Amino acid sequence: MHTAICYRVGLARWRIETGDEIPTHAHGQPRSVADITLEVNREFETAIRRDPANWFWVHRRWKPPRRKGQAGA
């Protein structure tokens, strides 16, 4: 598994960088989802800190779902 980060390098120009391999197994055994996710999130954190203006968050992570009839739903 590898992370891939898309960096904007100019008007309508981007560069995609792949990170080092994130192993899904250790010592012949599957790693936990939590361990793998932690490593993936660390790679994303590094990329965001490197170029924070490039980061565009589009996911509604940690927000409660809106109910029918609520504004913006």
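Visitor: Is Arg50 buried, partly exposed or exposed?

Guide: Start with the rule: buried means under 20% relative accessible area, exposed over 50%, and partly exposed in between (1.4 Å probe, protein chains only). Arg50 has 48% relative accessibility, so Arg50 counts as partly exposed. This is a predicted model: local features need pLDDT of at least 70, side-chain atom pairs count only at pLDDT 80 or more, and totals for chains, interfaces and linings use all residues. Residues are numbered from 1 along each chain as its sequence is written, and side-chain values use heavy atoms, leaving out hydrogens and water.

Visitor: Which side chain meets Arg50 in a salt bridge?

Guide: A salt bridge is a side-chain nitrogen of Lys or Arg within 4 Å of a carboxyl oxygen of Asp or Glu. Here, Arg50 meets Glu17, at 2.9 Å from N to O. Arg50 lies in helix α1 and Glu17 in strand β2, so the pair ties together parts 33 residues apart in sequence. Helices (H or I, at least four residues) and strands (E, at least two) are DSSP runs, numbered from the N terminus.

Visitor: What is the distance between the closest N and O atoms of Arg15 and Glu17?

Guide: These atoms are 2.9 Å apart, in another salt bridge. Glu17 is partly exposed, at 26% relative accessibility. Salt bridges with shared partners join Arg15, Glu17 and Arg50 into one network.

Visitor: How many buried residues does strand β2 have?

Guide: Zero, among its six residues.

Visitor: In what sense do β1 and β2 pair?

Guide: Two strands pair if DSSP finds at least two bridges between them. β1 and β2 pair in the antiparallel sense, over six bridges. Arg8 has Trp14 as its bridge partner in β2.
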